[in-house]
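Below are some notes for a colleague who is meeting this structure for the first time. Please read them with the sequence and the model side by side.

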Amino acid sequence: MPSTRTVLLTCVTAAVSAATLTPSAHADSPAVHRPAVADCTYPAEVLDLTNWKLTLPTGDEEDPTEVTQPELATFSAKPWFRAESGCDAVRFRAAVNGVTTGGSSYPRAELREMTDGGEDEAEWSTTDGTHTLVVREAFTALPKKRPYLVGAQVHGGDDDVTVFRLEGSRLYITDGDDRHHHLVTDDYELGTEFEAKFVAEDGEIDVYYNGRLEATIPHDGDTNYFKAGAYTQANCGNSAPCADDNYGEVRISGLEVTHS
């Protein structure tokens with residue numbers, strides 16, 4: 001007959017094994033297992049903004065505020081550019097009454113790709129190497145009367161090449177001036193996060209939505225760069241009220257660029 005000590009050890013071992021092998025009933029509950037995260041002061045604590053610069057819908061007429069590195073590393077501007085509580089994402093907001101660039105009549109709170117730690121503006125060719133942007137984002141607000149908003153794009157020279165553009169509940173991939181080139185979905189709900197991905201190589205740009213190839217845009221150019229944020233496609237001339245509380249907004253939780 002086994003000793004009392006042997007029986008006790010056997011029972012303890014079995015209990016530990018059962019606890020190890022049997023998943024908790026609450027294993028998938030974020031409230032139970034998610035560790036506490038301190039609030040972030042700056043968006044650069046959430047996203048790697050080393051090789052980006054920021055344009056805001058503030059400043060002087062046709063001379064909007066631009067923020068470059070190293071200032072961007074410790075910069076925020078509520079409500080236009082701010083880190084979410086919990087460090088989960090960054091909010092980009094552009095109101096219809098915002099300042100615009102000289103080349104556009106629409107306001108933006110948007111990042112522009114840079115190089116060399118943010119010192120120089122990026123400029124790459126679609127026929128030399130592979131250039132990829134992956135953005136995890138959600139459209140969270142649209143301007144009134146003209147509910148149009150761009151959340152990520154490939155830009156070339158003086159104009160956009162292809163973008164993710166939301167019009168109400170219809171999400172499109174554009175091709176130059178053809179803003180309805182490809183319909184991704186006609187029932188997009190505000191706040192729904194998705195993965196937008198551009199892969200530029202061999203004279204064309206493959207555009208993916210949640211990992212699925214949606215469109216291929218032929219484009220032969222050597223002055224390209226990526227942009228991400230909230231580029232509101234409305235202004236005081238076509239959207240009312242002409243006020244700060246009429247805006248487009250995008251939430252970005254992931255941002256990655258690779259060149260090879």
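**Notes on the salt bridges**

1. R212 is partly exposed, because its relative accessibility of 45% falls between the limits of 20% for buried and 50% for exposed. Please keep in mind from the outset that this is a predicted model.

2. The partner of R212 is E214, and the side chains of these two residues meet in a salt bridge with an N to O distance of 2.3 Å. E214, for its part, is buried, because its relative accessible area is 12% and the limit for that class is under 20%.

3. How is E167 placed, buried or exposed? E167 is buried, and R165 is buried as well. These two residues form a salt bridge, in which the closest N and O atoms lie 2.7 Å apart.

4. A further salt bridge joins the side chains of E110 and K227, at 3.2 Å from N to O. This pair links distant parts of the chain, since E110 belongs to strand β5 (residues 108–115) while K227 belongs to strand β15 (residues 224–232), and the two residues are 117 apart. Both E110 and K227 are buried.

5. For the structure as a whole, the count of salt bridges is 14.

Terms used:
Residues are numbered from 1 along each chain as its sequence is written. This is a predicted model: local features need pLDDT of at least 70, side-chain atom pairs count only at pLDDT 80 or more; totals for chains, interfaces and linings use all residues. Side-chain values use heavy atoms; hydrogens and water are left out. A salt bridge is a side-chain nitrogen of Lys or Arg within 4 Å of a carboxyl oxygen of Asp or Glu. Helices (H or I, at least four residues) and strands (E, at least two) are DSSP runs, numbered from the N terminus. Buried means under 20% relative accessible area, exposed over 50%, partly exposed in between (1.4 Å probe, protein chains only).
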